[in-house]
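This report concerns one protein model and its ligand. Please study the sequence and the structure shown here before reading on.

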Amino acid sequence: MRSYHVDSGAGIEGLALREHATPEPGPGQVLLAVRAVSLNYRELMVLRGDYVLPVKPDVVPVSDGAGDVVAVGAGVDPSLVGARVAATMFPSWQDGPFGVEHLPQLGGSLDGLLTELAVVDERGLVPVPAHLSYEEAATLPCAAVTAWNALTGGDGLQAGQTVVVQGSGGVSLFALQFAKAHGARVIATTSSPAKAARLADLGADEVIDYRAEPDWPARVKALTDGGADRVIDVAGVLDQSLAAVRVAGHVACVGFISGTAHPLDPRLLFAAGATIRPIAVGHRAHFRAMNKAIEANSLHPLIDRTFRFDDAPEAFRYYASGEAFGKVVITI
Ligand SMILES: NC(=O)c1ccc[n+]([C@@H]2O[C@H](COP(=O)([O-])OP(=O)(O)OC[C@H]3O[C@@H](n4cnc5c(N)ncnc54)[C@H](OP(=O)(O)O)[C@@H]3O)[C@@H](O)[C@H]2O)c1
């Protein structure tokens, strides 16, 4: 069987495809035939060498994937063989608050899923919604669970509330879909008129081009009664998110795509009177609850493009170009 390997900071040209003997699952583990994986921003950080969590040398990259259980180790129910499953990013995090004991993560300190066969912890798997293809299911573990946690955590999103989603990346597109399924009103921000039109087609009630209108929080305030109930901050613009959220509203602190140009003045936090909640993807119980909602609403993740396993470096290059609208997937 074949696996890609890479060292943190080695770049896309550092991806190396190697042959291995078929691995054996140990106690509590299963052997997964990986059918598809999807790329997230974290993969680019691993390749750049600035991922925020530890990365093992010569790691098998990519956290997100789905496939079939083909063998089980001691202590695992043999009826699991044949199950269609997706892997959780933090295999030991089942429920409750995040802690350092849950830091080991696929495609980082643990080998990931850009491989034909993977040995994974049985506790780090969830069944795949029946109506989804392997490619669709492979998009869920990081981006979708993060969006779900960002929307349902804290007081939890209520129908009729207003949510701001930033940009048209993986997390934000899932947040848009889930927020609409909750009966919320969605204000999306994006970087171009073409992407704005696509976000409106997907159900965004209002779209603001943050390049044409840098003071987008003022537009959010004007479009709402004193600010949005929730902002899903993937851009790392907490000063702007606090300016866009209502008093006692909720800002999910998810990412920092725009770098460190937006330091947070504590006076803004006092003035906003809002809660900022840092998100670390989510636990297995989040994943299961999200899958129920995906099934109940017959949701399908948006896939931009699918690549073959042998063309994985090309998939990384395409994803890094920022052209994708929807997930970039590799079929195995
Ligand atoms: N905390 C967690 O658990 C967690 C989990 C997943 C991801 N993240 C983080 O969340 C962020 C998004 O991840 P992703 O996987 O969704 O990324 P992605 O799919 O690569 O999406 C990137 C998108 O962000 C938008 N963007 C770029 N610069 C922006 C800016 N200045 N303001 C607003 N939007 C901007 C762009 O869309 P437009 O052109 O439409 O603006 C771009 O398509 C990353 O920082 C990632 O590390 C964190």
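Is C253 buried, exposed or partly exposed? C253 is partly exposed, with a relative accessible area of 24%; buried means under 20% relative accessible area, exposed over 50%, and partly exposed in between (1.4 Å probe, protein chains only).

## Basis of the model

This is a predicted model, in which local features need pLDDT of at least 70, side-chain atom pairs count only at pLDDT 80 or more, and totals for chains, interfaces and linings use all residues. Residues are numbered from 1 along each chain as its sequence is written, and side-chain values use heavy atoms, with hydrogens and water left out.

## Cysteines

The structure holds zero disulfides (pairs of cysteine sulfur atoms within 2.5 Å). The sulfur of C253 lies 14 Å from the closest cysteine sulfur, that of C142, which is too far for a bond. C142 is buried, with a relative accessible area of 11%.

An oxygen atom of the ligand is 2.5 Å from an N or O atom in the side chain of T190. For the side chain of K195, the corresponding distance from a ligand oxygen to an N or O atom is 2.8 Å.

Key: Polar contact = N/O pair within 3.5 Å; in protein donor to acceptor, adjacent residues only side chain to side chain.
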